Amino acid sequence: MRYLLLLVCCCMTIQSQAQQNWFIPRFYRWLTGGPSFHPADRLPSGPGRMETTVIDTTFVTYVRLICTDTRNTGDGNYTAPCNCSDRNPTGARRDTVETEIMFISQVHNKVIVINYLKNKHEKVYSSSSKLLPAADTPKVVDVNVYKLNQIRFGNLKNGYGDTLYFRVNAKDNREEYWDLADRDSSSKEVEAVRIAVPDGFEYKATGESLVLMPLYEKQNSFNLIFQKVRIRDDKSKGETLQSKDCAIHVDLQKKEFYFVFRKNGEDMIIRFKKNRLYSYFNLLPGCKECTPNFLCVGFLYDRFNLEKRKVIADNWYEFAGENLETHLPCGEDSVVNLSLRLDGAGCVYPASINNNDFQSIFLDDKPSRKNLRSRTFYSMMRYHDGMLDSRLDTLCDTLQATIEPYAKNPACSSDTFLLKFRQIWNDRYLKAFADSMKKVICKNNIRRVVFFIHGYNVPYSVAHLQGNDLIRDFMSECRLTGFNEKVLFVRVFWPSNDAKTLRFSKNGCTIKDDVEPGTGKLYNYITNTAYLASLTIRQLMKDIDPTLQVNIISHSFGATVAAGTVLHPIQKMKDTCSHLNRYFVKAFRELPPLPQKTFFFMNAPGMPGVTTFNTISPALNAQHFFYIGYNDRDRVLLKKFLGPIPISPSKKSSTTLGCNYRNEVIKTSDSVKMRGMDGHFQPFRTSERTVHDYFCYRQQLGFKDAYRQYVRESYTGAPPVNKAP
């Protein structure tokens, strides 16, 4: 305790004597995390340690100046905060108490806010004309990092106006949002501040909670400088140092940051300690970039208005009824969209079913979810007689005939009649879909078809939004590579369970996975659902132009559907009904793999590697190339459902390829080479996070690099070069 009292006394002494122009002011600023000069060679280095942000010409500069306005009201002096640019009444004395400089880049979607409070030993101007340049001169503001009190790095999210997102560098890792609006062409206001909490937001409207609405005025440009503050008894400004490259270097390990200035002809760095770094926009250790709350806010709430959020909530199921392209378009002019909507048996949705009329019937389906008949039109017709009559025209009687034998003889296997029903159904409606697909290809002179297949336990509306981001990223890479042709984008929706929860509230939402340990049998039935979806795609592409280029992109368990379009999954089949296995063996042998040149991007594949690719062969798969994104920290693929103790990824519905369990990636790569297919299997580590969600993967640098290479090589046609993971 006495040492603590001694320290307090020392600090008070320093504070009281700091006005003297000697070493104490410098020591005081050093003690409180102020800047210190070091040679440039002391800038930290090492793989992944430093990140540099250059405040380039894409950043627009805004300044906020807060003054205290002191007036004599007759009853005494009245002091209130005001914007320094406000008109100064006669007889009022005005002092600057806080300055903020905000840089916003629409190109980089980034924002930087530098804040400094007035040092009590700094000489201040009482004339507002000296705080900012005159109106008839270019507005160039000096950003003096010597005065820096705090810096924020954040992201710009475009919605209604602009939303600034800050992930706070603190133990609670809280997330803050500033709702920014244009006051006029030369200024912006912060209308509200939101702080993310588990069930939404703490919402504060600045006009109600603050005396002064935060106002930022636009400037033409800025100078990043270092200049010592004026001391009351010293009128000299001190040496002014110019920034070398207008860059800020952040140490991701220690959470400190640096500026580089030229001093006496040499590069010198100024270091600020981590207590000055309020927030940062990239992956600092401990940040919750991929928490359910962040993912929902960042990829659902902030993007859409209340009407569209309702559409998302209404389609938060595995039933794919409503065509969401009308409400939630991808926004790419060079993309033509089609949705291949499948039920649990791989039956194609007729074009006449384009709303949620049957949603409640599907969700209240009588067969257990651990039954192949669940979520099928077959089950709907059997248990809800006449429900589909008006939608199916003359086909209804033929289909009903496949159900009656089971009704008369329940001892027979229902799956036999289900598969017969599936054949009759798709002979009509899959052919109709193929015809419409051919017309689109011919009309738009399409030479490339891109499929997206979502994973396990993904609601319909979320799968649609995943597809939107995926195709936007795809087309962005195409434009950077110089390819601007039109593409046909086919979203494949298939029932993959919907054990997710969603909470939309007025100010926010939360996405959370409901983990289901011990559901191996359910997973096996959904695997068979995936096989039926694969067979439907094989049947579809069999009659499509074989000279087309095809891209199939999948996430998680969607890789099982994707692999089934060109590989025979005979060693993966798991089911208690041997007759069903015999059906799959026969069907995969009779239906040929996709005849088109096809590039697969399987991210975090929830499947084994060696047993999936052991049927690959030069005779059948010479035109098929596989890009595999794996992550050996993915908790879902590692099956870490019960705390730190995992279930073996190789047991019960193996996920060994996606998490590289026991070097499964290398084993699979070697197996593919042994079969004469070297160059057809390329692995990438796409994330080091533990989160399995697609939106989380999409943010990772490993994923971005792998996806970029995949898109470019699928256009150039060059086979991938095999690399060790």
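The protein contains 19 helices and 28 strands. Helices (H or I, at least four residues) and strands (E, at least two) are DSSP runs, numbered from the N terminus. The model is predicted: local features need pLDDT of at least 70, side-chain atom pairs count only at pLDDT 80 or more, and totals for chains, interfaces and linings use all residues. Residues are numbered from 1 along each chain as its sequence is written, and side-chain values use heavy atoms, with hydrogens and water left out.

Of the 725 residues, 55% count as buried. Buried means under 20% relative accessible area, exposed over 50%, and partly exposed in between (1.4 Å probe, protein chains only). Contacts were defined by heavy atoms within 4.5 Å. Among contacts with a separation of 6 or more, 72% come from residues 24 or more positions apart.

Strand S26 spans residues 597-603. This strand is largely enclosed by the rest of the structure, because 7 of its 7 residues are buried. In a regular strand the side chains alternate between the two faces of the sheet. Both faces of S26 are covered. Lys 597, Phe 599, Phe 601 and Asn 603 are buried on one side, and Thr 598, Phe 600 and Met 602 on the other.

Two strands pair if DSSP finds at least two bridges between them. S25 (residues 549-555) runs parallel to S26, with 7 bridges. His 555 has Asn 603 as its bridge partner in S26. S27 (residues 624-630) also runs parallel to S26, through 6 bridges. Here Thr 598 stands opposite His 624.

Ser 279 lies in strand S19 (residues 277-279). Its relative accessible area is 0%, so Ser 279 is buried.
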